Amino acid sequence: MKEDLKRIIEAAEQQILNAKSLPELLNLKSSFLGKKSELSQLMLKLRDLTPEERPAFGKAINDAKGVLDNLITEKQESLKSAEIDRQHKGSSVDLTMPGRRFNKGSLHPLTLIWREIEDVFISLGFEVAEGTDIEDEFHNFDALNTPQDHPSRNLADTFYVENSQLLRTHTSPVQIRTMERYVPPIRIISPGRAYRNDKIDATHSPVFHQVEALYVDENVSFADLKDTLNQFVVKMFGAGTKSRIRPHFFPFTEPSAEIDISCVACGGKGCRVCKESGWLEMGGAGMVDPNVFKHTGIDSEKYTGFAFGLGMDRIAMLKYDIKDIRVLFDNDLRVLKQFRNENR
Ligand code: FA5
């Protein structure tokens, strides 16, 4: 029997080592270790042996099976890696080439401006307050001292939702909500979306973005308003940029003003962007009207405050030299990709 085992192992060893493919190896495995293999047949002969002889013989067969099993596993690994080498040699894949660049997304120019504006105002001591896009008439109009017959309340200008609710037409309701909740000193900005039934053109969109600012404390003056605006403009657009304030009317501020900044496209000399005037309209501003304080329970004898609201889309257009507001809403990848390196 020992002779038989020796012969079987030697024959199997030769054939396993010479196997050329994985299917051939699998066939050999079944013929040397399968149920009909010589080794399995030898097992059947165990019953012809004496009980004393059986353990040693059984162990010898199992050892032989172990030897063959190991040989087959080793051969299998070497055939697999040879196959992988062969595939790579035959193909044109150059494993030393650098990988393809991961196509990273980029932040939208409005998001970049939004973040930059927040950073500038935070550096000036303001906090960021949040409002909601859907507002009620009280916070969007009444508390802001807007008369019942004011044209901005018109269906043609405002998108109403239902039950006197509307899509806010400006970010000024955040002033009211902040003054309702907190006592002065209050120093907040509130960036966000606003909605108006405006005709679309190069500088108007029915959905646009504003940033509201509100500063209420004892002795806040118009000089503080001008200085804050100037600092913002210089930090945002650079040292050579000036801001100017023109008299205007808003129901919620007295006195009221419109804010212009010197045209960043031509440095104030006059060009197509600023319609040759050298100035660009950015937003509205003024000293908080005492009637607004009354609606929010703030003592107008003790406190004064300034507020302003700037168009963020217009700021983005100036900063990134975008000539049409629609570019900010089209999401054309050719445009958005240009902001890849601006991401923070
Ligand atoms: C207001 O909305 C006032 N709430 C601003 C304000 C706040 C005044 C606090 C005083 C105190 P106005 O309607 O002018 O003001 O809008 C301000 C800015 O929003 C405009 O100068 C412009 O930059 C931007 N804006 C207004 N409508 C649109 C629009 N349809 N598309 C794009 N930007 C717009």
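The model is predicted. The ligand takes up the space of the largest pocket. Around the ligand there are 25 residues. The domain assignment gives the chain two parts, domain 1 (2–90) and domain 2 (109–342).

**Ligand contacts**

- Five of the residues around the ligand come nearest: H170, S172, R196, D198 and E281.
- The side chain of Q210 places an N or O atom 3.0 Å from an oxygen atom of the ligand.
- M282 uses its backbone instead, with a polar atom 3.2 Å from an oxygen atom of the ligand.
- On its own, the ligand exposes 680 Å². The protein buries 94% of that area.

**The shell and the pocket**

- The space that the ligand takes is the largest pocket.
- Of the elements, β8 gives the most, with five residues.
- Sorted by class, the shell holds 12 polar, eight nonpolar and five charged residues.

**Domains**

- Domain 1 spans residues 2–90, and domain 2 spans residues 109–342.
- The C-alpha centres of the two domains lie 84 Å apart.

**Backbone features**

- Most peptide bonds are trans, and most residues other than glycine have a negative phi. The residues below depart from one or the other pattern.
- P184 and P185 are joined by a cis peptide bond, with omega about 5°.
- P185 sits in a loop, between α7 (173–181) and β4 (186–195).
- A cis peptide bond also runs from E254 to P255, where omega is near -5°.
- P255 belongs to a strand, β7 (residues 253–262).
- N219 is not a glycine, and its phi is positive, near 65°.
- The loop that holds N219 lies between β5 and α8 (222–237).

Methods:
Residues numbered from 1 in each chain as written. Predicted model: local features only at pLDDT ≥ 70, side-chain atom pairs only at ≥ 80, totals over all residues. Heavy atoms only, no water. Near = heavy atom within 4 Å. Polar contact = N/O pair within 3.5 Å; in protein donor to acceptor, adjacent residues only side chain to side chain. Areas by Shrake-Rupley, 256 points an atom, 1.4 Å probe, with all protein chains shown as cover. 1 Å grid on protein atoms, 1.4 Å probe; cavity = no way out; pocket = protein on both sides within 12 Å on 5 of 7 lines; lining within 4 Å. Sits in = over half its atoms within 2 Å of the grid points. Helix = DSSP H or I, 4+ residues; strand = E, 2+ residues; numbered from the N terminus. Nonpolar A, V, L, I, M, F, W, Y, C, P; charged D, E, K, R; others polar. Domains from an automatic or database assignment.
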